[in-house]
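Please look over the sequence and the model shown here before reading the notes.

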Amino acid sequence: MRYPQGIVMSEYEHTCMIRGDGGRTIRAILDRICNKWTLLIVATLDQGRLRFTDLHQQVPGISQRMLTLTLRNLERDGLVSRTVHAEVPPRVEYALTLTGKSLIPPALALAGWAIEHISHIEASRESYQARDPKPATRD
């Protein structure tokens, strides 16, 4: 399989993505993408360019501070663009970049996998709970 920047991976290298930095770079990217709010924000912005207040209203449960921090990180990582319009008061809009849009298919694939396997996972959880009634920690 060929990856950006000419990186070629053998058939089995995908099982362990740790490279020279001990996997820190990949973990940092996955931590950003897989956090509680990122995919909700990216999915919401997939509908098109939105102002901060509209985005805040469409992502249920997110605080203004967390939305600000997440958008700032997504902008820094090149997944979201921020446009400030010279108006009074200033109008700020957010949109997905091409890289941000490229996150939609794998996110949908992961969501599809979860939907496809939810009954099996729930049954496994119930079976586990019946065997070990101590409350499991939530990950």
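The notes below cover the basis of the model, a sheet, a loop and one threonine.

This is a predicted model, in which local features need pLDDT of at least 70 and side-chain atom pairs count only at pLDDT 80 or more, while totals for chains, interfaces and linings use all residues. Residues are numbered from 1 along each chain as its sequence is written, and side-chain values use heavy atoms, with hydrogens and water left out.

**Sheet and loop**
- Three strands form an open sheet in the order 1-3-2 with antiparallel pairing, where strands are DSSP runs of E of at least two residues and helices are runs of H or I of at least four, numbered from the N terminus, and where two strands pair if DSSP finds at least two bridges between them.
- Strand 1 (50–51) and strand 2 (80–85) are the edges, and because each has a single partner strand, one side of each has no neighbour in the sheet.
- Strand 2 and strand 3 (residues 91–96) run antiparallel and are joined by six bridges, with valine 80 opposite leucine 96 in strand 3.
- The loop between strand 2 and strand 3 holds proline 89, which is joined to valine 88 by a cis peptide bond with omega of about -5°.

**Threonine 44**
- Threonine 44 belongs to helix 2 (residues 38–45) and is buried, with a relative accessible area of 8% (buried means under 20%, exposed over 50% and partly exposed in between, with a 1.4 Å probe and protein chains only).
- Not counting residues up to four places away in sequence, threonine 44 touches Leu50, Leu55, Gln58 and Val59, where contact means heavy atoms within 4.5 Å.
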